[in-house]
Amino acid sequence: MDLGKLKGCTVVTGFHGIGFVGFIAVDFMVRKLEAERVERYFNRKLPPVVFAGKDKLEMPVEFYRKDKLGFMKLSVMAEKEVLDRVVEETLTEFKKVGVKQVLVVGGLASRHKQEIQGVCNTAGREMMEKLKLAPLDKEITVFGPMASTLIHSERLGLPVVCVLPGAMSDVPDPEAASEAIKLIAGAYGLEIDTQDLEKDARKVEKRLKELDQKDDLTDRMFM
């Protein structure tokens with residue numbers, strides 16, 4: 001894996017966590033910015049899944065670049081040990097090639113929208129201030145690949161900030177992803193139209209209201 005083309009970049013990534021916020025945000029930004037694919041990551045323990053389309057074959061983990069922003073797009077879910085290996089190897093390579101810093105987009109479990117909050121490692125405090133992220137208003141437990149990112153980046157001295165909009169934990173939350181994208185776009189002088197995501201959010205909200213009005217559980221089991 002050669003990530004030399006990401007030298008000097010801020011790399012944005014996200015995982016399949018609460019509300020799928022991280023994956024939705026990264027996937028949307030890569031497509032909207034028409035970012036260039038610069039590398040792929042291979043690991044035999046990752047699920048053998050590819051995404052095929054017209055003139056396109058997308059691997060489980062791919063890296064992209066658009067100007068000074070890089071992206072690590074992880075399109076599959078995998079076991080904790082496998083994801084931890086992916087994160088550790090990738091962050092080590094980021095440090096080696098001179099990636100400037102890493103933004104991890106995730107979701108903070110909450111049905112009530114609130115100011116976007118953030119978590120950072122020791123080296124990421126300056127970036128946290130630049131993004132004008134509110135610190136957490138209460139203690140939380142960070143787990144999974146986001147926690148692995150904070151742990152391994154702390155050891156490497158690589159600045160990392162986690163961007164955490166409030167999100168619904170039981171369904172995909174495109175609205176939360178949209179809020180994270182707007183914050184990142186504003187901080188890095190990008191223009192990204194998130195109207196498509198906001199339309200998706202309204203559809204999700206409408207469907208949830210419909211389900212809340214139903215009393216028959218069998219109507220919900222096969223949606």
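A: In this predicted model, helix α2 (residues 80–97) and helix α4 (residues 144–156) have axes that come within 9 Å and cross at roughly 35°. The crossing of these two helices is right-handed. On the α2 side, the residues that take part are Leu83, Asp84, Val87, Glu88, Leu91, Thr92 and Lys95. They meet Pro145, Ser148, Thr149, His152, Ser153, Arg155 and Leu156 of α4. Sorted by class, the contact between α2 and α4 is made up of five nonpolar, five polar and four charged residues.

Helix α2 also takes part in an aromatic pair, and the structure holds one such pair. Its members are Phe63 and Phe94, whose ring centres are 6.2 Å apart. The planes of the two rings stand at 85°, which is over the 60 degrees required, so the pair counts as edge-to-face. Phe94 belongs to helix α2, while Phe63 lies in strand β5 (residues 61–66), so the pair ties together parts that are 31 residues apart in sequence. Both Phe63 and Phe94 are buried.

Gln117 is in strand β9, which covers residues 117–120. Its relative accessibility is 3%, and because buried means under 20%, Gln117 counts as buried. Setting aside neighbours within four places in sequence, Gln117 is in contact with Leu108, with Leu133, Ala134, Pro135, Leu136 and Asp137, and with Cys162, Val163 and Leu164.

Notes
Residues are numbered from 1 along each chain as its sequence is written. This is a predicted model: local features need pLDDT of at least 70, side-chain atom pairs count only at pLDDT 80 or more; totals for chains, interfaces and linings use all residues. Side-chain values use heavy atoms; hydrogens and water are left out. Helices (H or I, at least four residues) and strands (E, at least two) are DSSP runs, numbered from the N terminus. Buried means under 20% relative accessible area, exposed over 50%, partly exposed in between (1.4 Å probe, protein chains only). Contact means heavy atoms within 4.5 Å. Axes are lines fitted to C-alpha atoms, for helices over the stretch in contact, and angles run from 0 to 180 degrees between N-to-C directions. A crossing is left-handed if the near helix is turned anticlockwise from the far one by less than a right angle, and right-handed if clockwise. Ala, Val, Leu, Ile, Met, Phe, Trp, Tyr, Cys and Pro count as nonpolar, Asp, Glu, Lys and Arg as charged, and the others, Gly among them, as polar. Rings of Phe, Tyr and Trp (its six-membered ring) pair if their centres lie within 6.5 Å; planes under 30 degrees apart count as stacked, over 60 as edge-to-face and the rest as tilted.
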